[in-house]
Amino acid sequence: LLHGSAFNRGVWGEATGTLKALTESGIRAVALDLPGFAHTKTPPLTKGSSRTEFLETLLAAEDPTGMAPALADVEVFKHVRVTPPYVLVAPSASAPLAVDFALAHPELVDGLVLVAPVGLKPYAKQLKAEYTGRVMFVYGTADPLFEKRVEVWDYFPRANSLVEVDILDGSHPAYLDEPAKFNAHLAAFITVPAPQPDARDKSDL
C-alpha cells in the first residue's frame, strides 16, 4: 500500500482501517512510507530509476529484514514476509511508482489498484504495449479527475481485467469517504480470480 503526496502510510491504519480489513480477509498487506514522507530519513524520490529501485529494494529482496532502508521503522518487515505476486495499491501521485515497478517486473505483479492516478501519461505508450496484468481504478465522483478517467482507462488495452469502482460524491482520496466499501472492493479484487481477458466491469458504491 503506497500513499499520495498529502499522506503517509498511517492513512491505511485508523483513518481507513484498510490494513485491518485486509488482514481479516486473510491478505498479507504492508503499508509503506515513501522517501521524504513521515519520519523517513531519505530525500523524496525523483523521476527516473530511483522510483523503481525503491520498490525493488523493498519487494524484490529475498531477505525482508534488509528490505527497507528508506523506512523510518524497519521493524515492520522483520515479522511480515511479503511474497510475489503483488497487488500494488497506489493513490494519486504514487501511481507512477507502482507502474514503474509493474513494467520493470511484470512477473512479480498480479495487479494494480490505482486510486485517482496522476502522472501516468508518460507511461501511456509502454502500458498500451506491455501491461497485461489486472487493474482496478477507484475514483470519487466529486473529484475533478473523474471526468478524465476514460483517458487513463485507454492506457490499459491489454489488461487481463479492468474494473472501475466509483465512490459516489467521493473526493480525490475517495478511500477516506467510504473506507469500509473501499476495503471490501479492494479485498475482493485481491482474492477473487481474474475474469476472462478483456473483461470490463464497473461497480458503483
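**Reading contacts and backbone angles: a dialogue**

Modeller: Let's start with serine 92, which is buried, with a relative accessible area of 13%. Bear in mind that this is a predicted model.

Colleague: What counts as buried?

Modeller: The label goes to residues under 20% relative accessible area. Serine 92 has 13%, so it falls on the buried side.

Colleague: And where is serine 92 found?

Modeller: Look in the loop between β1 (86-91) and α3 (95-104).

Colleague: How should I read phi there?

Modeller: The general idea is that most residues other than glycine have a negative phi. In serine 92, phi is near 50°, a positive value in a residue that isn't glycine. Aspartate 169 also has a positive phi, near 65°. You'll find aspartate 169 in the loop between β4 (161-167) and α6 (179-191).

Colleague: Is aspartate 169 buried or exposed?

Modeller: Exposed, because its relative accessibility is 68%.

Colleague: Now the rings. How do I read an aromatic pair?

Modeller: You describe a pair of aromatic rings by the distance of the centres and the angle of the planes. A search of the whole structure finds seven aromatic pairs here. One of them joins tryptophan 12 and tyrosine 175, with 4.8 Å centre to centre and 40° between the planes, a tilted arrangement.

Colleague: Which parts does the pair of tryptophan 12 and tyrosine 175 tie together?

Modeller: Tryptophan 12 is in the segment before α1 (18-24) and tyrosine 175 is in the loop between β4 and α6, so the pair ties together parts 163 residues apart in sequence. Both tryptophan 12 and tyrosine 175 are buried. Tyrosine 175 also pairs with phenylalanine 182: the centres are 5.8 Å apart and the planes are at 50°, so that pair is tilted. Phenylalanine 182 is buried too, as is tyrosine 175. Elsewhere, ring pairs link Tyr131, Phe137, Tyr139, Trp153 and Phe156 into a cluster.

Colleague: What does threonine 16 touch, leaving out residues up to four places away in sequence?

Modeller: Its contacts are Val11, Tyr175, Leu176, Pro179 and Asn183. Threonine 16 sits in the segment before α1, and it counts as buried because its relative accessibility is 6%. Its side chain also makes a polar contact of 2.9 Å with the side chain of threonine 18.

Colleague: Let's turn to charges. How many salt bridges are there?

Modeller: The count comes to two. In one, the side chains of aspartate 110 and arginine 134 meet at 2.6 Å, N to O. Aspartate 110 lies in strand β2 (residues 109-115) and arginine 134 in strand β3 (residues 134-140), so this pair ties together parts 24 residues apart in sequence. Aspartate 110 is partly exposed, at 27% relative accessible area, whereas arginine 134 is buried, at 5%.

Colleague: Which residue forms a salt bridge with glutamate 164?

Modeller: Arginine 149, with the closest N and O atoms 2.7 Å apart. Arginine 149 lies in helix α5 (residues 149-153) and glutamate 164 in strand β4, so parts 15 residues apart in sequence are tied together. Both arginine 149 and glutamate 164 are buried.

Colleague: Which ring does the charged end of arginine 134 sit over?

Modeller: That of phenylalanine 189, at 4.2 Å from the ring centre. Arginine 149 lies over the face of phenylalanine 146, 3.8 Å from the ring centre.

Notes: Residues are numbered from 1 along each chain as its sequence is written. This is a predicted model: local features need pLDDT of at least 70, side-chain atom pairs count only at pLDDT 80 or more; totals for chains, interfaces and linings use all residues. Side-chain values use heavy atoms; hydrogens and water are left out. Helices (H or I, at least four residues) and strands (E, at least two) are DSSP runs, numbered from the N terminus. Buried means under 20% relative accessible area, exposed over 50%, partly exposed in between (1.4 Å probe, protein chains only). Rings of Phe, Tyr and Trp (its six-membered ring) pair if their centres lie within 6.5 Å; planes under 30 degrees apart count as stacked, over 60 as edge-to-face and the rest as tilted. A charge sits over a ring if NZ of Lys or CZ of Arg is within 6 Å of the ring centre and within 35 degrees of the ring normal. A polar contact is a pair of N or O atoms within 3.5 Å; within protein, one must be able to donate a hydrogen and the other to accept it, and residues adjacent in sequence count only if both atoms are side-chain atoms. Contact means heavy atoms within 4.5 Å. A salt bridge is a side-chain nitrogen of Lys or Arg within 4 Å of a carboxyl oxygen of Asp or Glu.
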